[in-house]
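How do helices pack against one another, and what surrounds a buried residue? Follow the chain with these two topics in mind.

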Amino acid sequence: MNLPTYLLKYIIKIICNYINKNSNNYTYKKNEIDQLKKSICLTCWTFFKTLSFHLSVLIICNQCNENQQIKKISRLDEEKEKYQLLKRENIYTMNFIYHYKLNNFSDLSSLNQEIKLFENLKKIIVDRCDLSVIKLIEFNNIKIQDYYLSNHSTNVPISLATNVKEITNLSIAPNNISSLIIDFFKRSIKVKRILEIDYYSPCQIPFEELLPSKVLTCVKNYDLVILTIRDLYYLLKSSPNLKRLSFYICFDNLIYQLTNKKTSPCKCSQLINGANHQFNDDENEHQIWNDKSKENQNEDDDIDQFKFYWDFISNEIKNHTKLTFLKIVNKCLINHDSGSNYQKESSFPKEFIEKFSYPFKMNNSIKAVMFNGFHTPEIYEKIIIKGNKSIFHYHSEFLDHTFQKKIEYKESIENLLSKHHHIKYFLLKDKDNNNYLLNYSK
Ligand SMILES: [Zn+2]
């Protein structure tokens, strides 16, 4: 069957979009991309021209002289250009990869001259590079793939590299740098993903302080360390476009608060719910809370404050339309040596399971969850049996050796899987041998 030419061109355009989009993953997709290009452009002259017209990303590797690579395209004579797949006038994005060494642009003035020749260039992407170099690139829309924010004195402040408009992955150093984060976001800069890398520290992102400026609105992905319920409240308020969220939280405290103090408190329980935190009076819900708080004292305050945060979080997750992945791991900021109380019990309090599972049962956007630290299957039974049909990927890890009903756990999950066919993956990882107790996929 012969497809009409317009349809063939349309298909090539779709493939080109895929190639352009994946230029950020060029290291991993190189073979696939090269193969795609080759098979299309060698088919016929029309295919070659269509492919050439829609390929808009020029990838420049640092393995050889980058300026020479650019010149191959920027300074071609007309006759040769006809046979060149990537054409200067079609290039919208220049993507420099493997630029992880400092001062790694071999000749900046020549690079600046070559860049000017690309009349339709809209964006330059650099994987990693020193800001002192980037600020010398004479182009006003630069995106950095990986940027490490630390208080290292040799760092050039981002405020001086005014041509940087976007950062894909912003890694936060383990030291106490909340004020540095506030300074960083004083410049309007789009950040897609924020990662923290010291898993025994509290989260350092001052969500509350950043909320009024709306600078976290474009963040779609967080990989964070230990959060309080208050952090989570302000995170969800700050980033309505969130797609993926990973964080650690103290389950003992969560259970203690969600069962209205019927279980044993964790050492952190009196410290982390923000009893001493100041609220911002100019927001309505804060005012409501302030009014409420005047009527209550100490412990009641604490319960009410937690309830205020939790109700918001629960409602937000329940109604979220963009969130697709959520990872929650049990970890306490204070009590990381003596183990968790809840894991010594044979089941979770019913009240906790009800409240924790509720937003997941109701949500329709989440596709995958990873819960580490649930040593009994109740949470999954609750989410799956009476509610959620959209989560098809579950990943669960034991974090403790003290509770050993593994066979019963596995059987319960297998029973769930036999009745609920929408689930495609269920991975159950055993801490004892680091193997999967269950590795279900279909
Ligand atoms: Zn704790």
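Helices here are DSSP runs of H or I with at least four residues, numbered from the N terminus. An axis is a line fitted to C-alpha atoms, for helices over the stretch in contact, and angles run from 0 to 180 degrees between N-to-C directions. This is a predicted model, where local features need pLDDT of at least 70, side-chain atom pairs count only at pLDDT 80 or more, and totals for chains, interfaces and linings use all residues. Residues are numbered from 1 along each chain as its sequence is written.

Start with helix 1 (residues 5–21) and helix 3 (residues 45–54). Their axes come within 9 Å and cross at roughly 40°. Helix 1 is therefore oblique to helix 3; angles under 35 degrees count as roughly parallel, over 145 as roughly antiparallel, 65 to 115 as roughly perpendicular and the rest as oblique.

Which residues make the contact? Helix 1 brings Thr 5, Lys 9, Ile 12, Lys 13 and Cys 16, and helix 3 brings Thr 46, Phe 47, Thr 50, Leu 51 and His 54. Two residues are in contact if their C-beta atoms, placed from the backbone, lie within 7 Å.

Now look at burial. A residue is buried if 20 or more other C-beta atoms lie within 10 Å of its own. In helix 3, the buried residues are Thr 50, Leu 51 and Ser 52. They pack against helix 1 and helix 2 (26–41).

Move on to Leu 258, in helix 11 (residues 251–258). Leu 258 counts as buried because it has 23 C-beta neighbours inside 10 Å.

How values were computed:
Helix = DSSP H or I, 4+ residues; strand = E, 2+ residues; numbered from the N terminus. Buried ≥ 20, exposed ≤ 12 C-beta atoms within 10 Å, placed from the backbone.
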